[in-house]
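Subject: Structure handover

Hello,

Here is the structure I said I would pass on.

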Amino acid sequence: MPYLLCVCFLSVVGCFSLISADSRSGGGYNFLVIVTDDQDIMLKGMTPMAKTLEHIANKGMTFVNAFTTSPICCPSRSSILTGKYAHNHKATNNSQSGGCNGRVWQEKMEPAALPVLLSESGYETFFAGKYLNEYFSSTVPPGWSQWFGLHGNSRYSNFTVTENGIATKYYTEYFTDYLNTKTTNFLKNITAEQRFFAMVAPPAPHAPFTPADRHKDLFPEVKAIKTPNFNVSSSTLGSTYQQLIRVPAQNQILL
């Protein structure tokens, strides 16, 4: 199951026929997808998460030779939800002018995205957390049975969430705890017969790196790792880098 889960997560269209056939015949898989933000394995981002490693990672599969074509927030999230490259879903950066939650996304991409396909195949779908950087709306994207979408970019407190169509403001609650409550309630209330897809997207550990009060003093002696390429000036990277930064933006390339 871990393998199929990962394949379906990365190759939406390819796995759809499998999901459709299994769900309609009373079988099928349940999916819990957790999307963390800026968690860098090279900077030992998993080291503090001993329980996560014990209960999830060490019992599953780790892809040690994996790559992303657009390693920034909104293009990658859009690719996860559609199975498309950035030059096809048109979200090329984190701004609305760069296609993040823009017109093409809302009119062309969302209506045929993963949650819609799963919902049409009989799945109960659930989303909680950071959606797209330019999502500031009371509208629930198509295909989601339950929706708790964060407005905007990463926040840990003083946040606004659209809860199934109603924008709700929270001032003191810690956002990761909020996501835990919503997700746990969903999983507890789903019936054994109902197939589900749940996607949880905490902003952690993205800047501003705000820990919960109960965690802020757990690692007093730990300092952030600085690898040899930390904060390197682009002027020192040579001609290859200079050629790359002159490549036209993806939405300017004729395909």
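This is a predicted model: local features need pLDDT of at least 70, side-chain atom pairs count only at pLDDT 80 or more; totals for chains, interfaces and linings use all residues.

Cysteines

The count comes to one disulfide. It joins C74 to C100, with an S to S distance of 2.2 Å, which is within the 2.5 Å cut-off for such a pair. The torsion about the S-S bond of C74 and C100 is about 90°, so the disulfide is right-handed. The pair links distant parts of the chain: C74 sits in helix α4 (residues 73–82), while C100 is in the loop between α5 (86–89) and α6 (103–109), 26 residues apart. Both ends are covered, as C74 has a relative accessible area of 0% and is buried, and C100 is likewise buried at 0%.

C73 is in no disulfide; the nearest cysteine sulfur belongs to C74 and is 6.6 Å away. With a relative accessible area of 14%, C73 is buried, since the limit for that label is under 20%.

Sheet

Six strands make an open sheet with mixed pairing, in the order β1-β6-β2-β3-β4-β5. The edges are β1 (31–34) and β5 (166–170); each has a single partner strand, so one side of each is left without a neighbour in the sheet. On average, neighbouring strands of this sheet are turned by 15° against each other, direction ignored.

One of the residues involved is I34, whose bridge partner in β6 is V200.

Helix on the sheet

Helix α8 (residues 175–189) packs on the sheet and touches β1, β2 (124–130), β3 (146–150), β4 (159–163), β5 and β6. The direction of α8 makes about 175° with that of β2. As a check on its geometry, the 15 residues of α8 should span 21 Å at 1.5 Å a residue, and its end C-alpha atoms are 21 Å apart, which agrees.

Which residues of α8 are buried? They are F175, Y178, L179, T183 and F186. Seen down the axis of α8, these residues fall within an arc of 120°, so they line one face of the helix. Their cover includes β1, β2, β3, β4, β5 and β6. The face turned away from the buried side of α8 carries the exposed residues K188 and N189.

β4 is mostly covered, with five of its five residues buried. F159, V161 and E163 point one way from the strand, T160 and T162 point the other way, and all are buried.

On one side, β4 pairs with β3 in the antiparallel sense over three bridges; here E163 of β4 is the bridge partner of F148. β4 also pairs with β5, again in the antiparallel sense, over five bridges, and there T162 has A167 of β5 as its bridge partner. β4 and β5 form a hairpin with two residues between them. N164, in the turn, has a positive phi of about 50°.

Regards

Note on methods:
Residues are numbered from 1 along each chain as its sequence is written. Side-chain values use heavy atoms; hydrogens and water are left out. Helices (H or I, at least four residues) and strands (E, at least two) are DSSP runs, numbered from the N terminus. Buried means under 20% relative accessible area, exposed over 50%, partly exposed in between (1.4 Å probe, protein chains only). Two strands pair if DSSP finds at least two bridges between them. Axes are lines fitted to C-alpha atoms, for helices over the stretch in contact, and angles run from 0 to 180 degrees between N-to-C directions. Contact means heavy atoms within 4.5 Å. The expected span of a helix is 1.5 Å times one less than its number of residues. The arc is that of the directions from the helix axis to the C-beta atoms.
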